[in-house]
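This briefing covers a helix, an interface and the nonpolar cores, in that order. The sequence and structure come first.

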Amino acid sequence: MNQTVFAPWEDPAAKPLIQFKNVTKRYGDFTAIDNQSFDIYEQEFFALLGPSGCGKTTMMRMLAGFETPTEGTILLGGEDIAPIPPNKRAVNMMFQSYALFPHLSIWENIAFGLRRDKKPNDEIQARVEEMLKLTRLTQFAKRKPHQISGGQRQRVALARSLAKAPKLLLLDEPLGALDAKLRQDTQFELMDIQEKTGTTFVIVTHDQEEAMTVASRVAVMDHGQIIQAAPPAQIYEAPNSVYVADFIGDVTIIEGAVTAKDNGYDIAFAEGQSVYAESTLNLTNGQTGYIAIRPEKVAISSEKPERVRNAVQGKIIDIAYLGNLSTYYVELPNGQTVKSQTANTRRLSRRSFTWEDEVWLSWTDTAGILLER
Amino acid sequence: MRRLTWFNTTSLTLGFVFLYLPMVILIIFSFNESKLVTVWAGFSTKWYGEVIRNEAFLSAAWVTLRVAVVSSTIATVLGTMAAYVLVRAGRFKGRTLFSGMIYAPLVMPEVITGLSLLLLFIGIGLDRGIFTIILAHTTFSMCYVSVVVSSRLVSFDQSLEEAALDLGCTPMESFRLVTLPIIAPAVISGWLLAFTLSLDDLVIASFTAGPSATTLPIKIWSSIRLGVSPEINALSTLMIGVVTVGVITASIISKRATLRQQAEERAADQP
């Protein structure tokens, strides 16, 4: 089978839809976006992920036209969008509060943008019906926004922003107001609609699970900078910094001086104790390095495992029981805590470990990721 | 429900008697047969007939009505604009000063407002008449409109306007199609407030009215200096009626809007 993977960012010939070129945004002394350059490609589902105040919303508002960059340019389809006001941009936005017009019916809300384009009436009619069908809202067309549920309102907001068939759709925390269960369903629905319409989506979220689920690429942001922009699997398995490793998912970070060995490095994290990780990084001996290990890649056992290079002994200080999984917090003699996660395939009463147990933790040479910063 | 104790009942009664007894007496005596205001001589509606046949009263009433409609309309437009800028423009330099200056005429003694307007009109050589009363009434009722409208705008979700812009509206269209319909109840009750204020203003009107135009309150004031007649009682009762209807309508409109908004918020809370 010769299936092409969707990865235009790896194709040097691909033409990006959006290009940020050395974009900086300042509010007085505060730098919200710090000299950022990156590309977003057509049909991508691009997630801007970060804690509040990291600049992700500013990025989105600059794309929508509600903010202008202090320095640098933003190109949409090769054209500088700075002089184009929001009402003239082929960009639509779905607002965090949904911003549905309370005095208009669902039907009129969706038709609002089409009416502004002075489209013929039958065309508007057809397009609104199509949008209602796409978002499964046909039966609510005549209702007002306050007469429908939160999930339905979210879909109206989506339908309204998609009605004008924008080149780019911006979604500002689109699922923030929904409860967990509805959120999951809606995530898949969102991906489905994105695939059906072929629109480029840029989503802003602080929820890493949401970003990982829906996005083709995730950009992890901090203090006005994109730290890493990569597909979800790469963000998780090969973070480029301690910040990204720590922000996405659960992780144990072990810090120590490195010594080159075989295809990687030994990291001495305590007196006479070291762990090993394969790495292609080029570090000098004695430099400080960080190993990031995902808890699910750490095995827990009562006996010292054989033929494994990375094995440490410690005491269980905490157990986080999540039902399907349990995370053990194991304290090593030097005070370092290492997390180990196991699937609870057995009933709780027959679980092998409990608090204060002395256990061995082990992982393979490739499980830990060596990071410079 | 809290029980009405004798103390509460007494204070309530005293309060309302204090507020409304004079008006009730006025209304009762407007139906008096006798020409003597303070002597009851049986029920009659003849003074209402006299009022309706009195040319001077009718022309004054017509002036008052025109002044009230025109000035409250202009005041509503200007007051809404002022409220919009003060709520939306964010922190520009001197914002506090400006908003303070909008509210200052609310507490300014009417005599001072009237006198300063009079000096201005004389200074620029404007003949006093219906036009100057309209200007004067617009000036002071605008503040009331702006207070009412800005309190609504504060709770207005600004992303609604951004959404309108995003969907292709020009800023003017977004105001006309989205903002205005939503704040309409506040704008209407602002208009009604301005209308009733203009209707019964005596002090400012007497400073700015000329021989060519007399408003009803001025007419009443000048005729009772010759002695109170039952005719005045009848006229005043009619005015009380108009003002009451205006105030009640304004409060019903704003009450309904609040209830609807609360219902929407409740609905929004449910998943």
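In this predicted model, helix 8 of chain B bends by about 60 degrees at B:Ala184. A proline, B:Pro185, follows within four residues of that point.

**Helix 8 of chain B**
- Helix 8 spans residues 171–199 of chain B, 29 residues in total.
- The C-alpha atoms at its ends are only 35 Å apart, whereas a straight helix would reach 42 Å at 1.5 Å a residue.

**Contact between chains A and B**
- On chain A, 23 residues are in contact with 20 residues of chain B.
- Strand 6 (91–94), helix 2 (106–116) and helix 4 (150–162) of chain A each supply at least two residues of the side that touches chain B.
- Helix 2 of chain A provides the largest share of that side, 3 residues.
- The side of chain A that touches chain B is made up of 10 nonpolar, 10 polar and 3 charged residues.

**Nonpolar cores**
- The largest nonpolar core has 97 residues, and those that touch the most other members are A:Ala47, A:Leu63, A:Ile110, A:Leu170, A:Val202 and A:Ala219.
- With 6 residues, helix 2 of chain A gives the most to this core.
- Domain 1 (8–245) and domain 2 (250–371) of chain A each contribute at least three residues to this core.
- Apart from neighbours within four places in sequence, A:Leu63 is in contact with A:Ile74, A:Val91, A:Leu168, A:Leu170 and A:Val202.
- A second, separate core has 44 residues, including B:Ala68, B:Ala136, B:Val187 and B:Leu193.

How values were computed: Residues are numbered from 1 along each chain as its sequence is written. Chains are lettered from A and ligands numbered from 1 in the order in which they are written. This is a predicted model: local features need pLDDT of at least 70, side-chain atom pairs count only at pLDDT 80 or more; totals for chains, interfaces and linings use all residues. The expected span of a helix is 1.5 Å times one less than its number of residues. The bend at a residue is the angle between axes fitted to the seven residues ending there and the seven starting there. Two residues are in contact if their C-beta atoms, placed from the backbone, lie within 7 Å. Ala, Val, Leu, Ile, Met, Phe, Trp, Tyr, Cys and Pro count as nonpolar, Asp, Glu, Lys and Arg as charged, and the others, Gly among them, as polar. A nonpolar core is a set of buried Ala, Val, Leu, Ile, Met, Phe, Trp, Tyr and Cys residues joined through C-beta atoms within 7 Å. A residue is buried if 20 or more other C-beta atoms lie within 10 Å of its own, exposed if 12 or fewer, and partly exposed in between; C-beta atoms are placed from the backbone. Domain bounds come from an automatic or database domain assignment.
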